[in-house]
Amino acid sequence: MKGRTMETSTDRRLSAAHPRLKELLFTLRRFLKNPLSVIGLSLVVIFGIIALLAPVLAPPKYPDPFRIPHTGFRIEPSPPSAAHPLGTMQQQYDMLYGLIWGTRSAFRIGVFVVAANLLIGIILGVLAGYFGGAWDEIIMRITDIFFAIPYLVMAMALVVAIGRGLKAVTIVLIITGWPSYTRVLRSDILVTRGRDFIQAARASGASHLRIMINHILPNAMYSVLILASLNIGTTILTAAALSFLGLGSETGTADWGQIISLCRNWIVGAPGNRFAYWYVVFIPGFVISLFVLGWNLMGDAVRDIFDPRMRRR
Amino acid sequence: MRPAGAGALAETRDLVTNFYTFEGVVHALNGVSVVIRRGETYGLVGESGCGKSVTVRSLMRIVQAPGRIDSGAILLFLNDSDQGAGIEILERTETYMQSIRGSDISMIFQEPGAALNPVLSVRDQVGESFRLHRMEQMIDETLAGLEESRRGMRSGSPRRLVRALQGALLRAESRGFKRFAAAVSRIDAELAQLESRDGAAARIRREALNYARDRARPRGGASAVARRIPLLRRYRRPLDATIRRHVVELLRSLGIPNPANVAERYPHELSGGMQQRIVIAMALACHPTLLVADEPTSNLDVTIQAQIVELIKDLKRSTISSVLFITHDLGLVAEVCDRVTVMYAGDVSETAAVAELFARPLHPYTQGLLASVPKVDQREELSMIPGAVPNLIRPPEGCRFHPRCPRRMEVCSREKPPAVEHLPDHWVACHLYPPAVRKAAGGPT
Amino acid sequence: MTPDTLVDVRSLKKYYPVTGGVFRRRIADVKAVDGVDLALKRGECVGLVGESGCGKTTLGKAVLRLHKATDGRIYFGQDPALVEKVEVMLAAADPAERSRGRALARTMDLNRLSGRALLALRQKIQVVFQDPTNSLDPRMLVRDIVAEPLTAQHLVKPQDVESRVLELLAIVGLTPDHLLRYPHEFSGGQRQRIAIARALATSPEFILMDEPTSALDVSVQAQILNLLKRLQAEFHLTYLFVTHHLLVVKYISHRIAVMYLGKIVETGPTSEIFERPLHPYTRALLSAIPVPDPLTRREKIILSGDVPNPIDPPAGCRFHPRCPHAREICRTAEPPLAPVDAGGRTVACHRWREI
């Protein structure tokens with residue numbers, strides 16, 4: 001009972017505000033009501049802060065900050081110590097430095113790749129869905145081809161073709177990632193296009209561009225946005241997998257996949273002391289998991305909020 | 001509580017059903033009391049959100065997920081033995097309800113396309129009702145048929161042996177059904193006795209009996225094994241033929257042209273009107289005591305609607321005892337129903353015989369509703385009810401109609417009006433009609 | 001053809017192709033509208049009645065130019081004398097005359113207009129759809145929805161838009177505090193009012209009413225019907241009122257056109273059609289209306305069977321397989337829509353005189 005009166009009083013305060021603001025606040029309130037979405041958001045924010053403050057948290061030693069400093073060339077990793085709070089990897093690369101600057105790489109790959117995917121996906125999806133006909137036929141057959149080849153295999157082949165390195169991985173992920181966005185957006189546009197308000201807008205003399213921007217995209221965008229927020233985690237995992245396979249960045253680059261790749265020989269220790277090098281596997285693995293978990297929780301929250309079945313009428 | 005009287009078939013008392021949605025609690029039914037009498041066509045009429053569909057869904061206990069029946073009672077008086085107190089179905093198990101749904105009470109829905117399974121042929125779907133509720137009779141008929149054909153055959157011929165084997169297995173299945181039916185009726189008899197008794201022992205016994213009833217299955221002995229073996233499974237073919245014959249007969253009795261052909265079709269091959277006939281056939285397969293029709297013609301065209309309405313009226317005369325007809329169309333009510341209840345926003349506004357209600361509407365809502373429908377001889381401007389149906393998450397206090405009522409009084413916003421029998425057998429829930437002589441407090445019948 | 005004709009539809013056809021096979025070849029046509037003539041006078045409301053799939057909505061959308069008709073002409077606001085001249089030329093035997101007629105029709109026929117000429121006409125033709133939940137963009141504010149026709153064609157200066165919208169809202173019975181709200185905050189009746197306000201924004205001459213009250217509750221339906229009636233008188237609007245609800249049509253329309261399977265089978269003044277329906281289909285349709293009065297028990301004509309498939313309509317009169325009065329001629333010859341009397345009644349039936 002108390003909860004309801006409180007809510008009505010907030011409602012009353014809100015009703016004075018502009019409706020768009022009201023809508024935003026309502027969405028935000030929904031978002032913050034869900035503990036999982038708050039956890040997801042905090043994880044992403046924490047990683048964001050780490051990435052922003054990387055020069056402060058781990059001052060670079062070389063002109064290229066993405067090169068991890070290493071003290072010596074000893075093969076065997078060393079456990080956490082005062083000099084290396086999270087221990088070192090093979091060839092004495094500093095784990096903490098690698099993870100901190102690796103956060104930057106992760107954001108760069110994840111956000112950049114997904115943003116580029118989204119852009120390509122929206123352009124092609126709109127062409128296919130709104131204009132249909134030959135556009136639709138061509139674009140959809142291309143996506144069919146992409147879907148017919150196993151994702152990771154195609155990515156590996158392309159990286160090999162383009163040449164190793166973080167840049168190549170990014171380009172390849174952009175090339176291989178867009179078809180799912182195009183497909184989802186196209187089908188949503190097809191549904192939206194048939195609705196009466198589009199017909200009403202046409203009867204009012206609105207141009208194609210206006211209908212697309214004012215009516216179709218705002219109503220058809222949600223599935224794609226949800227897909228994008230869920231895909232950031234997957235993208236980072238794929239990039240890490242490519243690096244782990246040795247197709248990503250060069251040895252010693254601050255990139256999480258690269259770090260795990262450096263540690264793969266030390267997953268199991270010598271007989272009698274199987275967990276001697278637990279830190280080289282556990283710490284980066286844990287960090288990647290947290291990062292992906294953060295994005296996935298946020299993606300779930302975004303989906304819950306935008307899901308038309310969940311929205312208030 | 002007023003006794004329902006000898007005529008009642010089903011009754012709800014102060015039924016409260018709420019839907020617990022994300023936005024809040026939707027107070028869909030606000031103490032609904034209705035009585036469906038034996039042998040009548042009873043109409044529930046009202047606008048969207050008035051609770052007419054929720055009422056019947058509660059009555060059949062098929063209220064869906066966020067919805068829950070929170071209080072009240074639902075009584076069924078299906079046969080003479082429970083004519084006294086009735087069966088309180090809210091206290092019965094789900095299995096019991098399943099045995100009632102489709103056999104004693106069956107339902108047809110607004111959207112026939114959604115009520116039919118797209119991958120089953122008409123024969124399989126209509127036959128399903130026979131299989132579920134009238135298997136015993138089907139087996140007996142098949143056995144009789146087998147016996148007949150066996151007599152014409154030479155003794156010792158292989159075909160005669162096959163017939164004998166089929167007969168034996170079917171008889172085993174039939175015995176299983178008979179034992180099962182006997183067990184269930186024994187349990188039901190004991191439950192009926194316990195119904196009136198209170199106390200821990202009776203309660204425990206009741207639970208035990210309900211459990212036993214849930215667990216009871218017809219056991220067919222050898223036939224149960226044979227049914228799982230590929231070639232032997234064919235012993236049931238004569239049974240399938242019997243069911244098919246019944247399906248075709250049923251379709252023919254519903255005036256479906258070329259029933260043998262239609263029986264082999266799939267739902268998408270049929271038009272909307274034909275689909276609705278198939279749904280009706282499924283509902284009628286077990287000679288229900290009560291047919292619940294939830295807006296059965298709202299999605300059909302006028303000429304097809306006329307066909308379906310005519311069919312339901314014919315069936316009412318010939319086979320079904322009572323019909324509960326739900327609609328928003330006052331014209332249909334006038335044409336189909338004997339007695340009608342007008343609902344508004346989860347409240348029962350008025351109940352009366354159809355002619356009486358249309359001649360002397362008492363409730364201001366009923367009056368407004370009748371005046372706002374265009375008539376055939378409409379000359380003057382349509383009168384209208386101002387405003388819109390309220391949101392049931394925060395319904396108006398007191399009488400839920402009062403914000404739109406042209407004759408509202410001060411009391412209307414405070415108190416929910418009781419149902420009063422203002423004229424003989426004409427009940428109305430409105431403060432304009434105060435209970436003059438306080439008879440036994442009770443709901444409208 | 002009377003001098004005050006606003007909309008004149010001539011032998012309009014709309015076929016939807018049915019494609020099949022690997023190469024999506026056209027294998028058949030759904031003949032949704034198959035040769036319809038219909039004229040609407042300025043300021044009148046014509047009810048277009050028929051069952052689902054009879055082509056009434058397709059016809060309406062062709063007049064709106066939401067899709068292009070396969071064949072036929074739609075004259076909107078043209079000089080009737082000129083229209084008549086063009087029609088005569090188009091029907092002429094001389095091919096040169098016919099091609100001159102086609103050239104003339106190209107500038108007058110709504111079905112063939114494009115670009116600016118079409119945009120200019122769009123201001124005069126508006127629509128109100130059946131389901132306001134579907135016809136209002138859920139992500140737009142009421143202000144933007146109602147202003148859409150004005151801003152889309154820059155008809156009003158940006159600073160004047162809001163005052164015009166407020167004026168429109170007042171006309172349909174909404175208040176200024178409804179301006180900055182989303183459609184989902186309204187009830188069905190109010191949403192339909194918003195849709196009506198949008199349709200009125202460009203001060204149109206003609207509004208297509210595509211079942212505007214079918215999705216509404218009975219008590220609200222009366223409000224909207226009364227509003228539409230008032231608006232028509234006030235702004236001298238012409239309505240094409242598409243519906244399957246006959247009593248609604250009776251209440252609001254001056255004239256009625258009955259459609260069956262892509263063709264108009266009967267037209268005439270509302271009261272005359274209700275008093276003396278001539279076509280057997282109209283009779284069955286009228287007798288099938290459930291009347292909200294338990295005391296009048298009328299003789300019902302129950303038609304057998306369903307509406308046939310418009311891909312392959314029956315030969316001859318399209319109604320003959322369901323018609324209780326069908327004779328040999330009905331199976332072979334298609335009856336033309338012929339005038340019955342001087343009062344503007346037409347019927348397409350061989351035997352209307354006898355039955």
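These legends walk you through close-up views of a predicted model.

In this predicted model, local features need pLDDT of at least 70 and side-chain atom pairs count only at pLDDT 80 or more, while totals for chains, interfaces and linings use all residues. Residues are numbered from 1 along each chain as its sequence is written, and chains are lettered from A and ligands numbered from 1 in the order in which they are written.

**View 1. An open sheet of eight strands in chain C.** Follow the order β5-β6-β7-β3-β8-β9-β11-β10, with mixed pairing. Strands here are DSSP runs of E with at least two residues, and helices are runs of H or I with at least four, numbered from the N terminus. Two strands pair if DSSP finds at least two bridges between them. At the edges, β5 (125-128) and β10 (338-339) of chain C each pair on one side only.

**View 2. Strands β3 and β7 of chain C side by side.** Residues 45-49 (β3) and 238-243 (β7) pair in the parallel sense over five bridges. Look for V49(C), whose bridge partner in β7(C) is T243(C).

**View 3. A helix across two strands of chain C.** Helix α8 (residues 188-200) lies across β5 and β6 (206-210), running at about 175° to β5(C). Axes are lines fitted to C-alpha atoms, for helices over the stretch in contact, and angles run from 0 to 180 degrees between N-to-C directions.

**View 4. Where chain B touches chain C.** Here 38 residues of chain B are in contact (C-beta atoms, placed from the backbone, within 7 Å) with 32 residues of chain C. On the chain B side, α12(B) gives the most, with seven residues.
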